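Me: I would like to learn how to read helices and sheets in a model like this one. Where do we start?

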Amino acid sequence: MSTHVPIVEDPEAPSGAIGAPSVENETLSDYVRGRIVGLRSGELGNIPIMVGIILIAIYFQSRNSNFLTAGNFVNLIVQMAPIAVIGMGIVFVLLLGEIDLSVGFVSGVGGAICAVLLLPGGTSVPTSVAIIVALGAGLGIGLVQGTLFAKVGIPSFVVTLAGLLAWNGVVLLIVGSRGTIVIQDSFVNGIANNSLSHIAAWVVVEGSVLLYAAIQYAAVRSRRKAGLPNVPTSLILIRIGVFAILGAVVVIVCNSSRGLPYVGVLMIALMLFWTFITDRTTFGRHVYAVGGSAEAARRAGIRVDLVRIMVFGISGMMAALGGIILASRLSSVDTNAGGGSILLYSIAAAVIGGTSLFGGRGTIRSAILGAIVIASIDNGLGLLNVSAGTKFIVTGLVLLAAVTVDSLSRRGRESAGRA
Amino acid sequence: MSDHPSDQPILELQGVSKTFGAVHALTKVDFRVRSGEVMALVGDNGAGKSTLIKGVAGIYPFDEGKIIWEGSEVHIAGPKDAAKLGIEVVYQDLALCDNLDVVQNMYLGREALSSLRRLDETTMERKARETLKTLAVTTLQSVRQPVASLSGGQRQSVAVAKAVMWNSKLVILDEPTAALGVAQTRQVLDLVKRLGSQGLAVVIISHNLHDIFEVADRITVLRLGQSIGDLKVSETTQQEVVQQITAGELSHVPGVPAEVIAS
């Protein structure tokens, strides 16, 4: 009575797809064709952001020829760094489908703690201890907020909104009547203000590209050994080539000005580290799973609460690190630390970079890509001497555009059955 | 890999009961299933089907009665105990993560690791492919496509494959065809038959008697928390099963002692 005729049930599937999952290697043209199909059904990837960055660069360069100078490029790296670093923590929170509104003032707390501990004639702790204590404070704040959310069941929006207010208060108390704490520690100031030597910049950047190539090669070899299909080799070579050229351009441009800032290297190192965590560890896999379906994750035996608490811990710690970078850039911390636009810029960076607000979709690098956009607009409008009011309006509109792209592409995926 | 069910049941429940406050969800139910056998569990809404499988899966343990697994009595206190014995449940709402791909879902919570605690994607993908191949799940375009892009039948197949890849001996399917169209139902029923013929014990819950008569070897009928009968599909008819589901004779009337009924 059993009939083993394979059922063709998906009219859109190409006829060749019926049968055992194919083990043939894709060719480059297959890959491009697959990407185009994906694009049509809302898998936009990095395309909108790349187009956005190019348009922004063309616009500001045409309005003010200082925009694309080497000096301004280095400024841009320093300006985007705190946004990108805090944004990486936000990516984790967004992957869960949650929000952390406290990161602005948590960054303020981090910067303030670091600055106070390094006050001359104060505690006289080593620089490393001051930084670790500041990061630990951010981590602790995040873990507490995460616990209130995961264990007590208070919505993350409310917990972190309360945090937004409370940590603002803590910044005011730490900085206190001093008004401004000037940082004299040369290491902390150097994070944002000093640069690698020309040769070191070359070694670090192109060394990273070589490392990337080696990892890709190892992955291809292991898959081939196991008889699994590989992405086209030509595509991998193109990617490596693009990274090598981009890296070279960055180094040449930076070296013709103040050099590659340490904070630029820190940013890339953090991106690689957290990308490893999200893509290559069980913790990262479980973050995506909880964001996709918390119930499915729970039934698979994942400790959902623990994942949530740790994600908020990461967010808090990255916020504190962003605060230290911000303090380093200004060589000081004042009562306003962590206020203003930093919170919304960081969340906007992650979203503009392509991390979904709806949970389960996103990458660490989206924080960097989004930070490039935000910092470019901020920097470019600054060069055009527009008012702060105009800056906020433009940035708000860009954020709105990014979320619109996210929502529309989600609808596209839904109608193409890929939601 | 026997085609014939062995005589000793792999799972036997003896007189299990479960109450939720004043509600008697299960009253002294006996149930058995053998390896290589597809056992259907039928009954009207509220008959206790879900309570029975949740007890076996360790989601809420029975109040009384014995669970005998492969000939010896066991206690199943939680889902992990059930998984350790080799019992896997495929729930109605599937429990897959839409944003993860097929391989990631099949290994969710039990990821394979290589050195430095890195995810071993190569091993996971290879083994997932093998499992899908042995189950003849062949309509997937790629094991690396997100589950969101799969049809209902394909998702159900992935959920079943996820359940059987852990050396499981008993697979419980809760309404596996409830939300599926005709062609997709066919696909899942074929898969259920293959599980049985590969020597696994299968328990399938369904309201669709037509489906049950196609795949099941035996049928256990539950009514108002009691087991009405254990029927051989080859020796019964749909009419008889319907009659048992709706008006089967109860040995206990809830709230009335057994002696009263007997007298």
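Predicted model: local features only at pLDDT ≥ 70, side-chain atom pairs only at ≥ 80, totals over all residues.

Me: Which residues of α2(A) are buried?

Reply: A residue counts as buried if 20 or more other C-beta atoms lie within 10 Å of its own. In α2(A) that applies to I49(A), G52(A) and F60(A). Viewed down the helix axis, the buried residues fall within an arc of 55 degrees, so they line one face of α2(A).

Me: What covers the buried residues of α2(A), and which exposed residues does the face turned away from them carry?

Reply: The cover includes α14 (342-352) and α15 (365-383) of chain A. The face turned away carries the exposed residues M50(A), V51(A), I54(A), L55(A), I58(A) and S62(A).

Me: How many helices and strands does chain A have, and how does its radius of gyration fit a compact globule?

Reply: Chain A has 16 helices and 2 strands. A compact globule of 419 residues would have a radius of gyration near 22 Å, and the 23 Å of chain A agrees with that. Along the principal axes, its C-alpha atoms fill a box of roughly 85 × 55 × 45 Å. Of the 419 residues, 41% count as buried. Among contacts in chain A with a separation of 6 or more, 80% are between residues 24 or more positions apart.

Me: Now the sheets. What is the strand order in the open sheet of 6 strands in chain B?

Reply: The order is β6-β7-β8-β3-β9-β10, with mixed pairing. β6 (87-90) and β10 (226-232) of chain B stand at the edges with a single partner strand each, so one side of each has no neighbour in the sheet. Neighbouring strands here are turned by 20 degrees against each other on average, direction ignored.

Me: Which helix packs on this sheet?

Reply: Helix α6 of chain B, residues 182-197, packs on it and touches β3, β7 (170-174) and β8 of chain B. The direction of α6 makes about 150 degrees with that of β8(B).

Me: How does the pairing run in the open sheet of 4 strands?

Reply: The pairing is antiparallel, and the order is β2-β1-β4-β5 in chain B. The edge strands are β2 (23-33) and β5 (72-74), each pairing on one side only. The twist averages 30 degrees from one strand to the next. Inside the sheet, 5 bridges join β1 (11-20) to the antiparallel β4 (64-69) of chain B, where Q14(B) stands opposite K66(B). Helix α1 (49-57) of chain B lies across β1 and β2, running at about 65 degrees to β2(B).

Technical notes:
Residues numbered from 1 in each chain as written. Chains lettered and ligands numbered in written order. Pairing = 2+ DSSP bridges. Axes fitted to C-alpha atoms, helices over the stretch in contact; angles between N-to-C directions. Contact = placed C-beta atoms within 7 Å. Rg over C-alpha atoms; globule rule 2.2 N^0.38 Å. Buried ≥ 20, exposed ≤ 12 C-beta atoms within 10 Å, placed from the backbone. Arc of directions from axis to C-beta.
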